[in-house]
Amino acid sequence: MTDSSLLELKGVSKAFGAVQALSEVDFRVRAGEVMALVGDNGAGKSTLIKGVAGIYSFDEGEIYFDGARVQIHSPKDAASLGIEVVYQDLALADNLDVVANMFLGRERIRKPMRLDEESMEVACTETLQSLSVTTLRSVRQAVAGLSGGQRQAIAVAKAVMWNSRLVILDEPTAALGVAQTRQVLDLVRRLADKGLAVVLISHNLHDVFEVADRITVLRLGRAVIEVMASDTSQQEIVHAITAGTLREVPGMVN
Amino acid sequence: METILKSKNSLFRSDATQKLMAFAGLIALFVVFSIASPNFFQFSNIIGILLATAVNGILALGATFVIITAGIDLSVGTVMTLSAVMTGVFITVMGLPVYVGVLGGLTTGALAGFINGSIISRMKIPPFVATLGMLYIAKGLSLVISGLKPVYFNDTPSFKEIAMGSILGKIIPGFEVPNAVLILFGAAFIAHLILNKTVLGRYTYAIGSNEEATRLSGVNVTFWKTAIYALAGSFAGLGGVMIAARLNSAQPALGAGYELDAIAAVVIGGTSLSGGEGTILGTIIGAFIISVLTNGLRILSVPQEWQIVVTGTIVILAVYADILRRRQ
């Protein structure tokens, strides 16, 4: 199993002053699977993700990407490995249209300084089609006019556009209604089916069991359990989140 | 593929209604004043309106960029004056060629804008405060450098021609449109291209729309903000050259209040002070609305004090119309 992990963290720790946010956490995710990262508020999910995204550096521990030991000290390092993060609220600029948002920061330029709108529009349309995001009226629509689900889909599409190999989604369904949650979860599934590694952070265990292949539970800065979603139940995960153990699963009881 | 053909400009579709309203307002003013006075719709008076718009319009172009980033530039008026004075110093005092003086004026404006942008993006001082400081600095420097006296360009008659000559009049006899008007439209066209076709324009909207998302997308917001303020400063520098050429002198005491006229033009043109929205065309229409009003009321012998009251009312009404539109 270990050899096929795309991202593997070994014994990572991070402290903020006296607060030990992460203690010797092991975490891994393979290409083509959705790994859910769950835990209570303050369990260390965000810290773990920000370490991988290069926003913080871990104090201790090792990061392996594609089998090779790597250092991630900045968001640029993460991006160059093919790691993209979709942040909860901060992903899009409302006044820009879909194309402009998807290419924000990586615009294609035709010499001397002109934006290459045609080529960006084509690439944007192709990416959205490949992800089966088909509910948009126009890719020239301002993002402000889109539904929550569509916005989230654009944010995800923006992340996968750059030949990314690992996409981290921070609470992608938190603000969505039932139908829109459905759309986004379908999209998350398709990412994994396309061979990307996906890390899904969510408080909603129903969503987690909908799409996740495996689940890692963090509690008080420690990874208490990693389990196949098909081998467990919501009750057991709730128990692990709150008490730190997984009951009644043979061979997994601490 | 249909979407590709459909809508090149729909990025700005939300502004279309506002622009339409502003444009309709401008036409309405023309019609009303034309009916009210036979002197209004005369070639010479229209040229007068265009000429009166030139300096404010150019300042407003730069202000448009800054306001779309959700910033503000209070220093454009006094930076304009400083640029005019520097142009005077280069040409009259130092005896440099006219084109060097013009470049010097533009550079002065760009430099002031660069300093504004650096203070705002690196020292994290709010734009209002940073550019208020620059307002005073530029004003003080203009007085110091000029020694409180106007600088005249009497020895270089070609300088005046930059604004008051008429290349068009030479090509088409009788069609004496001053160069200042051509420069205004040329500058507006360039500003429009920068805002809509380049990365700088794209980031102007992005920063005003969601600065944090822009940063997280990997855009060097510090660099681009500085560039945007430097661009606004360059337009103020151009405004300085234009006003000096028009008056055939650099008046160090002039300039206060020009920033407010520029901001008024931008706001009337539908650019939102909360950022992310706005167009160059809107700003030009806004600038013309102000000068048509001023001109028309003067022709109707309304006292100048009342013209200012009317301008203020129009600013408020324009923004209120924008708010009503958004509610729908």
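## Chain B: overall form

Among contacts in chain B between residues at least 6 apart in sequence, 77% join residues at least 24 apart, two residues being in contact if their C-beta atoms, placed from the backbone, lie within 7 Å. The model is predicted: local features need pLDDT of at least 70 and side-chain atom pairs count only at pLDDT 80 or more, while totals for chains, interfaces and linings use all residues. Residues are numbered from 1 along each chain as its sequence is written, and chains are lettered from A and ligands numbered from 1 in the order in which they are written.

Chain B holds 15 helices and two strands; helices (H or I, at least four residues) and strands (E, at least two) are DSSP runs, numbered from the N terminus. The radius of gyration of chain B is 20 Å, close to the 20 Å that the globule rule gives for 328 residues, so chain B is as compact as a globular protein of that length. That radius is taken over C-alpha atoms, and the globule rule is 2.2 Å times the number of residues to the power 0.38. Along the principal axes, the C-alpha atoms of chain B fill a box of roughly 60 × 50 × 40 Å. Of the 328 residues, 49% count as buried (20 or more other C-beta atoms within 10 Å of a residue's own; exposed means 12 or fewer, partly exposed in between, with C-beta atoms placed from the backbone).

## His192(B)

His192(B) lies in helix H9 (residues 179-197) of chain B. With 18 other C-beta atoms within 10 Å, His192(B) is partly exposed. Leu281(B) is 89 residues away from His192(B) in sequence, yet the C-alpha to C-alpha separation is 7.7 Å.

## The contact between chains A and B

Chain A contributes 28 residues to the contact and chain B 24 residues. On the side of chain A that touches chain B, strand S8 (114-115) and helix H4 (117-130) of chain A each supply at least two residues. H4(A) gives the most, with four residues.

## Helix H4 of chain A

H4(A) has 14 residues and reaches 20 Å from its first C-alpha to its last, close to the 20 Å expected at 1.5 Å a residue; the expected span is 1.5 Å times one less than the number of residues. Its buried residues are Glu117(A), Glu121(A), Cys124(A), Thr125(A) and Leu128(A). Seen down the axis of H4(A), these fall within an arc of 100°, so they line one face of the helix; the arc is that of the directions from the helix axis to the C-beta atoms.

The face of H4(A) turned away from the buried side carries the exposed residues Ser119(A) and Glu126(A). Ser132(A), whose phi is positive, near 60°, follows H4(A).
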